[in-house]
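User: I'd like to learn how to read a few features of a protein model. Could you walk me through them?

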Amino acid sequence: MLATFSAAAAAAGLTVGGYFYAGMWPTSQIFGRTILAGRDPHEYALTYDDGPNDACTEDLLDILAHTNVRATFFLIGRFVRERRDLTRRIHSAGHLIGNHTFTHPVLLFQSPSRVREELASTNAAIEDAIGEAVRYFRPPHGARRPDVLQTARELGLTPVLWNAMGYDWKPALTPETILANLEKGIRRNRARGHGSNLLLHDGGQAGIGQDRRASVAATAALLAQAKQQQIRFVTVDAWNPDAPQK
């Protein structure tokens, strides 16, 4: 009996572990297809979560303009409502804007009605600011269930995750450490013959005013390196097989 109980407990543990892998691991496709990256190891997408965020977003826009690079910004709806002008500036500069929910909850643990409200409210806030439909969505923390991805698609959103992360949300990280974290993911992606979908943050879920100067500096360093390596930067729509060809 003890052996049977142990086996059942182990099976339950694997089931729980498998569920959280499917629902939280960024490269997992178990719960549904998401955009990760293309098949060209010399193609990168710079993506930024949790903005818009005043000076840090503005500094990033200046750096990206100077290097003629377009990025993807996944914005929090309640911050968009407070910073409509900055949202419009991101859009006017030619960057792609995506939905990052209205309040940044862990969608894995939210009711279906809450999930729909988070996404629909953010779509409305962004579309009201920029006058265009939103087409892409990144779940906070990467957390999703099959019905979360289905709701996103019903609202016209293609889910996007990532395959390299700067871990710049951790406190007191230096630009050098953030860049080293990104490079670790890039090397792994290159070994697999993949492009790199780079996750950074220009804001923070706690509120507008979060200090992301280290992320801005890491971006500048990455762009300087990439110029020597003949890297091509794209927005995530370039990796969407269902998107109209430009």
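Analyst: We'll go through the pocket, the aromatic pairs and some backbone details. This is a predicted model, so local features need pLDDT of at least 70 and side-chain atom pairs count only at pLDDT 80 or more, while totals for chains, interfaces and linings use all residues. Residues are numbered from 1 along each chain as its sequence is written, and side-chain values use heavy atoms, with hydrogens and water left out.

User: How much space lies in the largest pocket?

Analyst: A pocket here is an open set of points on a 1 Å grid over the protein atoms alone, where a 1.4 Å probe fits, with protein on both sides within 12 Å along at least five of seven lines; lining residues have an atom within 4 Å of a point. The volume is the space filled by probe spheres set on the points, which are joined across faces, edges and corners. In this model, the largest pocket holds about 840 Å³. Its lining has 34 residues, with P26, W162, M165, Y167 and L199 nearest the centre.

User: Which element gives the largest share of that lining?

Analyst: Elements are DSSP runs numbered from the N terminus: helices (H or I, at least four residues) and strands (E, at least two). Helix α7 gives the largest share, five residues.

User: And how do I read aromatic pairs?

Analyst: Two aromatic rings are described by the distance of their centres and the angle of their planes. Rings of Phe, Tyr and Trp (its six-membered ring) pair if the centres lie within 6.5 Å; planes under 30 degrees apart are stacked, over 60 edge-to-face, and the rest tilted. The whole structure has five such pairs. One of them is Y19 with F31, edge-to-face at 5.4 Å centre to centre and 65° between the planes. That pair links distant parts of the chain, 12 residues apart: Y19 sits in helix α1 (residues 2–24), F31 in the loop between α1 and β1.

User: Is F31 buried or exposed?

Analyst: Buried means under 20% relative accessible area, exposed over 50%, and partly exposed in between (1.4 Å probe, protein chains only). F31 is buried at 19%, whereas Y19 is partly exposed at 35%.

User: What about the backbone?

Analyst: G51 and P52 are joined by a cis peptide bond, with omega about 0°. Then there's N68, not a glycine, yet with a positive phi of about 55°; N68 is exposed at 72%. H104 also has a positive phi, near 65°, but H104 is buried, with 6% relative accessible area.
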